[in-house]
Amino acid sequence: MPKARHTLFLFLILIMPLVIKTLFGYQFEMYPAIILPSGPHIKTLEGNTIMHRNLEFFVQEAGGPWKQLDPVAVFSPLPEQYSSPILRREFGLLPPRTYPERRFFKILKKMHLLDPRVPNDIAINELKSWIQSNIAIWVQDADKIKIEAVEKTIDLQGNVLKRQVESAQIIHLH
Amino acid sequence: MRRLFTSIEHINRALWSRVNNATYVNTDSLGIFRAITGIFLLYYYFSYTWISDLPQALFNPPILSIANLFDSFPSYYLLRIIDVGRLILLVAIIIGLKTRITSLIWLILTIIAASFQYSLGKIDHDGALLLAMVFVLSYSGWGKAFAVWPDTNSRYDSTAGSMAVFAVIICYGMFTAGMGKAMVWVDFDLQTSGFASWYYLGLYDLNRDRLLAEYVPMIPFHFYEILDYAAVLLELSPFLFILMGRKAWLFWLLTASLFHLGNVLLLNIPFANHVLVYLAFIDMSGLTQWLKQNKRIIYLALGTAGLMFLTHIYFLVSQRHYWGLNEVMKMDRTPFELYSALILWMVLTVVIGKIFLPAHKE
């Protein structure tokens with residue numbers, strides 16, 4: 001039978017990752033840790049519609065029209081759940097994150113755990129070739145890709161009534 | 001002060017004693033469960049080598065993970081070694097070859113490989129309790145029964161203690177899921193819904209439109225509020241059920257199985273690892289005698305495992321990347337996991353449900 005100090009130890013081991021994640025943000029979620037998906041977001045019914053934000057993926061051949069592709073299919077056979085995080089980070093091309101001057105971050109910086117990961121030219125070219133090969137089924141020689149953050153108004157049957165682009169990021173492949 | 005510590009110890013002992021009563025299963029049951037775990041993991045086995053072909057720009061490891069100690073995705077050969085190691089270790093787990101050490105090595109290899117998989121910007125949470133289970137049950141004596149080379153006693157071994165600690169970890173895990181939801185979903189507002197959020201996110205971002213998902217919009221929106229509260233209640237309540245005794249704990253497990261079955265059907269979220277997590281608490285020791293009399297069942301299970309092992313080995317050797325049995329069945333991974341989970345959750349619901357039938361004696 002565990003003694004009280006063992007119980008306390010177990011409690012601390014379990015709760016520490018959750019405390020760190022709650023205090024410092026999701027990017028500080030430990031792995032492995034006992035944290036199950038919470039997903040505490042909600043949808044609000046407005047009249048007979050709801051709003052939904054997501055990222056959409058487009059490709060364009062030189063001079064041609066933009067063509068929308070399903071990111072899950074594009075990244076297949078990668079597990080489907082990684083398509084959104086990859087798009088959200090703009091394929092790793094987002095500028096590195098900065099952290100406030102707090103003790104926790106300073107300790108992690110000293111341990112080189114917050115070293116920025118900036119892809120060099122070789123890595124960027126490798127990425128572009130990878131994207132080209134993934135979209136080759138749909139577009140032979142894409143010139144650009146675009147990630148659009150879109151807000152959709154949808155009715156409860158799932159029909160999109162309105163689509164509004166909030167932001168767009170274009171990446172040149174050549 | 002001494003009186004305070006004594007009373008804390010007393011309360012602590014009383015609580016653990018209740019958890020023990022609710023969760024205990026013997027080593028015979030755990031021996032069968034260990035073999036089932038190995039077969040389950042063999043069924044879902046896949047190779048991690050695909051990670052090595054990803055462009056380094058995508059490498060974004062969780063800051064507090066092993067992968068963050070590396071500069072890039074690992075080499076193909078390292079991942080191949082991990083793949084082969086994990087596969088052989090699963091066979092050792094099934095037949096019971098020094099299970100404590102083989103389980104722990106399997107666990108370490110899986111954590112290393114998964115750390116790199118989660119370097120794509122997202123940590124998947126469905127494996128957390130499975131990994132905890134393998135770690136904790138390594139000290140439960142699950143390698144003693146039905147084992148070719150049984151574990152010897154370690155001073156850390158405790159069947160009752162391991163099961164109790166594992167149950168508390170499940171309760172805590174559920175708490176981490178339920179607390180966040182409770183603060184947002186329990187708003188007494190029929191115009192908002194967390195369930196709808198999961199549904200439309202899955203539908204638009206992940207193409208989760210299989211099984212009964214297409215019928216979800218036919219449910220009146222206000223009804224989703226009930227589902228929200230039910231989910232929060234389920235996720236925040238397991239510890240109470242454990243303290244109420246074994247029947248109550250099994251009832252919670254039954255409710256949780258139905259909850260997951262609903263998630264598979266409506267939201268297409270498989271979470272199949274939790275089938276094992278809950279099954280650990282079902283007393284299967286009654287099967288011991290039956291299995292000894294019906295050895296054909298054991299041969300069938302071992303034969304199936306052997307066939308899966310050979311299939312995995314063949315595809316690991318003959319292909320650069322191997323996505324698992326779904327590839328052999330010419331299926332995408334997503335429907336493979338979804339339909340497998342549907343069957344597993346139905347089976348588990350029946351298995352636990354039968355315990356509550358009047359004629360049943362556990």
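User: In this predicted model, how much area is buried between chain A and chain B?

Analyst: The model is a predicted one, and its two chains meet in a contact that takes 65 residues from chain A and 74 residues from chain B. Carbon and sulfur atoms give 65% of the area buried between the two chains, which comes to about 6,300 Å².

User: Which three residues supply more of the area that chain A buries against chain B than any other three?

Analyst: The area buried between the chains is about 6,300 Å². Of the part that chain A buries against chain B, 14% is supplied by three residues, more than by any other three, and these are A:Tyr31, A:Leu36 and A:Arg117.

User: Which side chains meet in the salt bridge across the interface of chain A and chain B?

Analyst: Side chains of opposite charge can pair when their charged atoms come close. Across the interface of chain A and chain B the rule finds one salt bridge, whereas 28 residue pairs are in polar contact there. The salt bridge has an N to O distance of 3.5 Å, inside the 4 Å limit, and the side chains that meet in it are those of B:Arg208 and A:Glu80.

User: Which element gives the most residues to the side of chain A that touches chain B?

Analyst: Several elements of chain A give two or more residues to this side, including strand 2 (49-61), helix 5 (121-135) and strand 4 (142-155). The residues of this side divide into 40 nonpolar, 15 polar and 10 charged. With seven residues, the element that gives the most is helix 1 of chain A.

User: How many residues apart are A:Glu166 and A:Arg53, which form a salt bridge?

Analyst: The count over all chains comes to 16 salt bridges, and in the one between A:Glu166 and A:Arg53 the closest N and O atoms are 3.1 Å apart. The pair links distant parts of the chain, with A:Glu166 in strand 5 (residues 160-172) and A:Arg53 in strand 2 of chain A, and their separation is 113 residues.

User: Where in chain A is A:Pro32, the proline joined to A:Tyr31 by a cis peptide bond?

Analyst: The peptide bond from A:Tyr31 to A:Pro32 is cis, with omega near 0 degrees. A cis peptide bond also joins A:Ser76 and A:Pro77, with omega about 10 degrees, and A:Pro77 lies in the loop between helix 2 (71-75) and helix 3 of chain A. A:Pro32, for its part, has its place in the loop between helix 1 and strand 1 of chain A.

User: What is the phi of B:Lys98?

Analyst: B:Lys98 has its place in the loop between helix 3 (76-95) and helix 4 (99-117) of chain B. Although B:Lys98 is not a glycine, its phi is positive, at about 45 degrees.

Note on methods. Residues are numbered from 1 along each chain as its sequence is written. Chains are lettered from A and ligands numbered from 1 in the order in which they are written. This is a predicted model: local features need pLDDT of at least 70, side-chain atom pairs count only at pLDDT 80 or more; totals for chains, interfaces and linings use all residues. Side-chain values use heavy atoms; hydrogens and water are left out. Contact means heavy atoms within 4.5 Å. Buried area is the accessible area (1.4 Å probe) that two parts lose on being put together, summed over both. A polar contact is a pair of N or O atoms within 3.5 Å; within protein, one must be able to donate a hydrogen and the other to accept it, and residues adjacent in sequence count only if both atoms are side-chain atoms. Helices (H or I, at least four residues) and strands (E, at least two) are DSSP runs, numbered from the N terminus. Ala, Val, Leu, Ile, Met, Phe, Trp, Tyr, Cys and Pro count as nonpolar, Asp, Glu, Lys and Arg as charged, and the others, Gly among them, as polar.
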